[in-house]
Structure formats: C-alpha cells, structure tokens
Amino acid sequence: MKRAFLVAAGLPGALGTLGVAAPAQAIPQVVLVQNSGWMEPFYSDPASQFKPLVAALVGSVAQPGDALVLAAFNQSRPGAPSPRGLLSEKVDAKTVQTHVQAALAGLETARKPNGGALADTDLGEAVNAAVTQVLGGKPGLVWLVTNNRNSPNNDQATGERNREFYALIHRGAAIEKALAWPLRMAVEGPHYRANGLMIYVFAVGREGARELDRLLAAGRVQRVITEPPARLKPLDRDTVRLVPRKVENAPGVDFSMDANGLLRADVAPDARSPTAGIRWNLENTIYPYTIAGATLSARSVLGGENRPIALAQGGVQRLAPGQALPLASTMRLPVAQLPGKWSLAALQSAGSAYVLPGRIELQLQGQRLELSQAFRARMAALFPGDPLPEIFTPPGEIQASTATLPIEVRVNYGAGPLVALIGGVLALLAAGAAAAYAYARPRRVVVTVEDELRTVHTRAGATQPIYDKAGQQVARLKTTLFGHQLLDLREGAQVRLGR
C-alpha cells in the first residue's frame, strides 16, 4: 500500500510506478510538504500544529478512490533528491488521515548531504516535479505546504525568487487554477521563528479545476481551513458576480437566483413588455484584490438573440473584495422568442415551465487590480518583512476579465388552455362518433308505388332503384343524414315518399 519514491530521480509515469491506478473518474492529488531549513520551527516547536494540520487537510480533501501521493521537498541535491516520497496509496476515507499522520511522524528538517547545513528551498522545482513527473501532465491537484520563503542555493533574494515562482503560476499553461491560504501559526525553534505558513493548491487541467471547484462547493477545505482562499489564477474571469435586487417596468417578470448561481427570470404567459429595468448588486468575488478601476459593458444571449444591456454607469472604482456596488440596467426581454399560450410548445409545457436558456456576459475592460489593505495588513502580520504582498500583483498583460451569469427564462403555462383543448377534442370526437353512428344506422323508408305501400331498408349515403309492378325502374331513392329524396323519377310514374 505504501511505497516511497524519488521524483527527482526521473522515474517515468510516477503514479503508475507507485502502483496507484486511479479510477476513470478519480482525480489524483499530490501533497508537497516543505522540510527545508526555513521550516525548522514548524518541526521543532513542541506546540506546533503543523503536522496535524496537514493530516487533517488531506483527510478532508482526498476522495475515496483518488490516487494520493504525499512527499517532502526542499531543494534537490546530488544524493538527496527532492521531492522525496512519503506515502502513495489509493484513498480509503476511513484510513487516509491515519496513514498521513504515520507518514509525517518521522519527518524532520532536512540537511544538505555531507555538509550538515540545513537544506535550501526550491518551490518551482517541487511544483514542476509534481505536475510533469508525478501527474505526468494529466489532470490533478497539487497541494503545497510552505512558509513561502523560496531560496534556492540559500539565495537571500527571496522576493525575486518568489516573483519567479508566481510567474511560473501565472504563465504556466498546465495550471488552470491556483489558490492560496495564508494561515497564522506561531512557532519558535532553536534557529528561527515564524508567525504563519502558506497552503497552495494548483489545479492542473480543466478536470483538475472542476474537481477543485467541487471540493470548495462541498465545503471540504472549509472543514479544516476557515480562512477564505486568495485567488492567484485565473484573474481574467469571474472577478465579479451579478445578483438581482429589483425588476422595474416589467409587469409579470420576476428574477431570482438559486444556490448554484443560476439566474431565473419567471415570466407570466401574458407578459409582453419588450424591456425590463433591473437593479443589480455587482459584487467583487476576486479576494484579495480591490478592483481599482475598470470600464463595464454587458450583453445578453437568449433565444438566439445577442443584445447589449444598457448600464446606468460605465465603470467601477475602488470596489473592495466582498463589497457590492448598486448597478442599474435596462435589458431587452426575448418576448418574441416565447411561445403564445395556444402554441404547440406552450401546450406541451402545460402544468410545467417552458425554459429558454442563455447567459449574461459582463466585460471588465482596462481592469486594474490592487491588493486590499486588509490583506496587506494580514500578510504583514504573518510574514513580517517579507515582500510577499507585492508578488500578488497580477501580471501586466491581465487587463480584462469576463463574468458569465447563466440565465433561464421560464414561462409557467397553466393547464387551462390544454384542458380547453382536450375538452374541444373530446367534443369533436363525441360529435364524430354520433355522426358515424347516425351515418351507419339502418333506416326504413315507406314508399308508395302505384298505390302499393313498400318498406325500403337503406342507410345514409345509399342510393337504391325503385321498380313498378311490371319490374321497370321508375325512380331512385337517395338517403342522406338529413332525409330521403327521389331521383330520376320517370315521367308519368306513380311514386311518392310516404303513404
């Protein structure tokens, strides 16, 4: 079940080499734990909660059936490769946390080979090894637990090394999403002391990003870490959220939003207002960044229509994370695309809702992001003297973002038209049945021929010849739904209907 590995040794296909065969739907997870010299107080302080925190986090986020790799890292040296495997297994929810605790129990601060000096740190090397060798370029999640002091070869320019690390995150095509949690943990050892540490997660590939979103939505990270994550990537989408507050000048139209962020527009069947005034809250969702400035534009894509949304203001200024800005707009409703209540689509939706799916797109151009003052203060307390806050500044090429809001226009058609239609159809069927019976019913007709009474049996639609006593045809009897008629009456013949 457990088997150590050496990533830096260049073993191809690390997950396969480790004997971990992930199910088709499982997303592998790699957990990298720093044990270089800068981490000395986290290992030596008797009151340190470092190892229990890592075990609890892995126990919460690792899903049954996932391929899990736990490794320690510092900086690779000849004879001392890094990362170094501590645990590899297919996750069992009942035992994973216990296994992680056991694997971490003997982990101590690493030293350089043959020299005795404490080991250096290379964050980029560790992440690259996890992405390219352990995951083999396939989707997965890479967790990095570090004090965030990046110093390859004992480089004291930790700020510059951190900038290189963040450039790897922002410009690395493999990393689809990256989050960071700065956490307070005051520890002190014989050589160093620290106020906090950083936990990163890097989602590799789109499937990795979707898995990370699922973990966050399910609250699995929040069970262990209550702090909100700081977003590192992406910074060019979903930076804001639109929440409807009020609809004006559109009788019969109501807006609401479900727990998954889907906007629903409930439209009455007889609502035909071409536009609606909608008042929104524009919320900054890109913690820890303040949107220092951006111009706004919006469009709605509904029912094959792509139309601009008129906004009451064309920009946003100084919007702090978590804060909301009132925003008024005028939106064209796709009334021409909605079926009338007597249409086939409406009748098919009777008693339920006719749904027209679409989306609202909000564009932020000339976007300028700044770290919020509250985040700067928090980072200064956790990492005093560290230039880390400046490193959170996004790359200069990211100057725009898009927020997409899925929307459903729903029309709830009552059952009245359908009931009326069914009643009409039943009435027509009844009338048809009555007409069919009347058409097929046998009839008796009394005809007098030369003072002789005769009874003729016939049906609607039938025409029969009438003969005199000599056997000559003197007329024809035609029967309809409405009566009888003598046709082709021979001149001088004594024939009549009735007595």
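1. Which helix gives the most to the lining of the largest pocket? In this predicted model, the answer is α7, with six residues. Other contributors supplying at least two lining residues each are β5 (175-188), β8 (240-248), β16 (353-371) and β17 (400-412); α7 itself spans 205-217.

2. The volume of the largest pocket is about 1,300 Å³. Its lining consists of 38 residues, and the closest to the centre are Lys177, Asp213, Arg231, Asp238 and Thr285. By residue class, the lining has 22 nonpolar, six polar and ten charged members. Rolling a probe the size of a water molecule over the atoms is what shows where empty space is left.

3. For the chain as a whole, there are eleven helices and 23 strands. Of the 499 residues, 46% are buried. The accessible surface amounts to about 23,500 Å², with 52% of that area belonging to carbon and sulfur atoms. Among contacts with a separation of 6 or more, 71% are between residues 24 or more positions apart.

4. Asp238 counts as partly exposed because its relative accessibility is 38%, which falls between the 20% and 50% cut-offs. Setting aside residues up to four places away in sequence, Asp238 touches Arg231, Thr285, Thr402, Ala403 and Thr404. Asp238 and Ile286 are 48 residues apart in sequence, with their C-alpha atoms 7.7 Å apart.

5. The backbone has some entries to check. Most residues other than glycine have a negative phi, and most peptide bonds are trans. Asp238 is not a glycine, yet has a positive phi of about 55 degrees. Arg318, also not a glycine, has a positive phi of about 50 degrees; Arg318 belongs to strand β14 (residues 315-319).

6. One joins Ser82 and Pro83, with omega about 0 degrees, and Pro83 is in the loop between β2 and β3. The other runs from Lys233 to Pro234, with omega near 5 degrees.

7. Which residues of helix α4 (residues 96-105) are buried? They are Val96, His99, Val100, Ala103 and Leu104. Viewed down the axis of α4, these buried residues fall within an arc of 130 degrees, so they line one face of the helix. An α-helix has 3.6 residues a turn, so residues three or four places apart point the same way. The cover over the buried residues of α4 includes β1 (29-34), α3 (50-61), β2 (67-73) and β3 (84-90).

8. Phe375, Met379 and Leu382 are its buried residues. Down the axis of α9, the buried residues fall within an arc of 65 degrees, so they line one face of the helix. Gln373 and Ala374, on the other side of α9, are exposed.

9. Asn281 is part of strand β11 (residues 275-284). Is this residue buried or partly exposed? Asn281 is partly exposed, because its relative accessible area is 21% and buried requires under 20%. Leaving out neighbours within four places in sequence, Asn281 is in contact with Arg241, Leu242, Val243, Arg245, Ala324, Leu325 and Pro326. Asn281 and Leu327 are 46 residues apart in sequence and 6.0 Å apart in space, C-alpha to C-alpha.

10. Arg332 lies in strand β15 (residues 324-332). With a relative accessibility of 39%, Arg332 counts as partly exposed. In sequence, Arg332 and Ala276 are 56 residues apart; in space, the C-alpha to C-alpha distance is 6.4 Å.

Notes:
Residues are numbered from 1 along each chain as its sequence is written. This is a predicted model: local features need pLDDT of at least 70, side-chain atom pairs count only at pLDDT 80 or more; totals for chains, interfaces and linings use all residues. Side-chain values use heavy atoms; hydrogens and water are left out. Buried means under 20% relative accessible area, exposed over 50%, partly exposed in between (1.4 Å probe, protein chains only). Helices (H or I, at least four residues) and strands (E, at least two) are DSSP runs, numbered from the N terminus. The arc is that of the directions from the helix axis to the C-beta atoms. Contact means heavy atoms within 4.5 Å. Accessible areas come from the Shrake-Rupley method with a 1.4 Å probe; for residues, only the protein chains shown count as cover. On a 1 Å grid over the protein atoms alone, a cavity is a set of points where a 1.4 Å probe fits but cannot get out, and a pocket is an open set with protein on both sides within 12 Å along at least five of seven lines; lining residues have an atom within 4 Å of a point. Grid points are joined across faces, edges and corners, and a volume is the space filled by probe spheres set on the points. Ala, Val, Leu, Ile, Met, Phe, Trp, Tyr, Cys and Pro count as nonpolar, Asp, Glu, Lys and Arg as charged, and the others, Gly among them, as polar.
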